[in-house]
Amino acid sequence: GRFIGLAEETGLILPIGEWVLRQACEQSCAWQREGLEPIPVSVNLSARQFSDNIAATVGRILAETGLDPKLLELELTESASMEDPQKTFDILRRLKDMGVRLAIDDFGTGYSNLNYLKRFPVDKLKLDQSFVRDLTSDPDDLAIARAVIAMAHSLRLRVIAEGVETDGQLAVLAQNGCDEMQGYLFSKPVPADEIATMLREHRTLPIEKLARRPYERTLLFVDDETNLLSAMRRITRNKDYRVHVATTAEEAFEVLATNEVGVILCDQRMPGMSGTEFLARVKHLHPASVRMVLSGYTDLQSVTNAVNHGEIFKFLT
């Protein structure tokens with residue numbers, strides 16, 4: 001975070017950026033010489049790098065390293081691409097004509113101009129991690145992600161989500177048609193020789209992580225009191241139910257993202273978020289689930305509001 005800003009400010013980002021681009025191309029060729037399957041490498045372009053001579057620089061490095069242009073993907077931040085749209089279009093067209101793939105990075109965080117986006121010869125939009133981080137718990141982030149994916153697909157673009165760290169985030173993105181992901185759920189950044197090992201082992205995420213589990217008679221019980229969680233497990237032990245328990249709203253959102261839950265039974269008094277607040281979000285994220293509060297604490301106004309807004313079906317004492 002500090003290094004790149006300083007490099008931009010001093011102008012050192014130009015030689016550094018060219019070195020990074022060359023290293024990425026050389027590494028991709030080295031993996032192929034080792035007999036590994038050709039895979040694309042992606043390189044971020046700084047706003048300072050994105051000038052009239054970037055196409056010539058890319059062309060020279062591709063020629064010198066021998067990398068197939070279709071194995072190179074260049075990422076340009078949304079804000080940089082919108083500063084001079086006509087100039088951006090001309091540069092992108094020259095890069096595209098070489099066979100290089102192009103992506104708009106951090107999409108949705110700059111000053112989007114959809115009129116220009118439809119003209120740019122790009123292949124992919126990157127859904128910024130600020131929308132992915134709370135995807136399973138924030139209805140607004142989910143709505144934005146769905147809108148970006150739908151818009152991109154309508155423009156015949158692929159979408160890659162950044163910063164995917166949980167099974168729930170992955171499942172929700174997959175359910176909504178996101179094409180690719182990057183993030184710590186698969187791997188933290190590692191040296192090139194470890195990447196080679198991953199490629200040799202054909203390492204992937206288990207396919208079952210890409211979809212929510214099919215519906216069963218499923219109950220989610222949310223309470224931060226472990227004794228009550230144990231009691232609920234005992235009560236339902238011989239019933240024909242699949243029971244999940246969570247001690248926080250955060251845990252519960254992860255369960256909901258990866259399972260088809262029929263009924264949610266939630267305590268009203270929980271750390272961080274009350275039961276009615278939690279179920280208000282669930283109403284928008286998972287509207288088909290039956291939502292009930294179970295509590296010995298009764299705040300009549302909050303319960304009344306929750307019932308009147310359709311956020312809970314029952315309040316049980």
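This is a predicted model: local features need pLDDT of at least 70, side-chain atom pairs count only at pLDDT 80 or more; totals for chains, interfaces and linings use all residues.

Trainee: Which residues line the largest cavity?
Mentor: Leu 45, Phe 50, Leu 74, Glu 75, Leu 76, Leu 92, Leu 95, Leu 102, Ala 103 and Val 122.

Trainee: And what volume does the largest cavity have?
Mentor: About 50 Å³. If you count cavities of 30 Å³ or more, you get one.

Trainee: Which elements each supply at least two residues of that lining?
Mentor: Strand E2 (72-77), helix H5 (85-98) and strand E3 (101-107). E2 gives the most, with three residues.

Trainee: Let's stay with E2, then. How many of its residues are buried?
Mentor: Five of the six residues of E2 are buried, so the strand is largely enclosed by the rest of the structure.

Trainee: In which sense do E1 and E2 pair?
Mentor: Strand E1 (residues 41-45) and E2 pair in the parallel sense, over five bridges. For one spot to look at, find Val 43, which stands opposite Leu 74 in E2.

Trainee: Through which helix does the chain cross from E1 to E2?
Mentor: Through helix H3 (residues 54-65), and this β-α-β crossover is right-handed.

Trainee: OK, next pair: over how many bridges do E2 and E3 pair?
Mentor: Over five bridges, in the parallel sense. Leu 74 has Leu 102 as its bridge partner in E3, Glu 75 stands opposite Ala 103 in E3, and Leu 76 has Ile 104 as its bridge partner in E3.

Trainee: Is E3 mostly covered or mostly open?
Mentor: Mostly covered, as five of the seven residues of E3 are buried.

Trainee: And how many bridges does E3 make with E4?
Mentor: Three, and E3 and E4 pair in the parallel sense. Ala 103 has Lys 124 as its bridge partner in E4.

Trainee: I'd like to see the whole sheet now. What order do the strands have?
Mentor: The order is E1-E2-E3-E4-E5-E6, in an open sheet of six strands with parallel pairing.

Trainee: Which strands stand at the edges?
Mentor: E1 and E6. Each has a single partner strand, so one side of each is left without a neighbour in the sheet.

Trainee: Switching topic: pockets. How much space lies in the largest pocket?
Mentor: About 1,900 Å³. The largest pocket is lined by 47 residues, and Ser 42, Met 181, Gln 182, Phe 186 and Ile 195 lie nearest its centre.

Trainee: Which elements each supply at least two residues to the largest pocket's lining?
Mentor: Helix H2 (13-33), E1, E2, E3, strand E4 (124-127), helix H9 (167-175), strand E6 (180-181) and helix H10 (192-200). The residues of that lining divide into 23 nonpolar, ten polar and 14 charged.

Trainee: What about the second largest pocket, how much space lies in that?
Mentor: About 440 Å³. It has 14 lining residues, and Ile 4, Ile 13, Asn 44, Leu 45 and Ser 46 are the closest to its centre. The elements that give two or more residues to this lining are helix H1 (2-10), H2 and E1.

Trainee: Which of those gives the most?
Mentor: H2, with four residues. The lining of the second largest pocket divides into eight nonpolar residues, five polar and one charged.

Trainee: Is Cys 25 buried or exposed?
Mentor: Buried, with a relative accessible area of 1%. Cys 178 is buried too, with a relative accessible area of 14%. The cut-off for buried is under 20%.

Terms used:
Residues are numbered from 1 along each chain as its sequence is written. Side-chain values use heavy atoms; hydrogens and water are left out. On a 1 Å grid over the protein atoms alone, a cavity is a set of points where a 1.4 Å probe fits but cannot get out, and a pocket is an open set with protein on both sides within 12 Å along at least five of seven lines; lining residues have an atom within 4 Å of a point. Grid points are joined across faces, edges and corners, and a volume is the space filled by probe spheres set on the points. Buried means under 20% relative accessible area, exposed over 50%, partly exposed in between (1.4 Å probe, protein chains only). Two strands pair if DSSP finds at least two bridges between them. A crossover is right-handed if, with the strands pointing away from the viewer, the path from the first strand over the helix to the second runs clockwise. Ala, Val, Leu, Ile, Met, Phe, Trp, Tyr, Cys and Pro count as nonpolar, Asp, Glu, Lys and Arg as charged, and the others, Gly among them, as polar.
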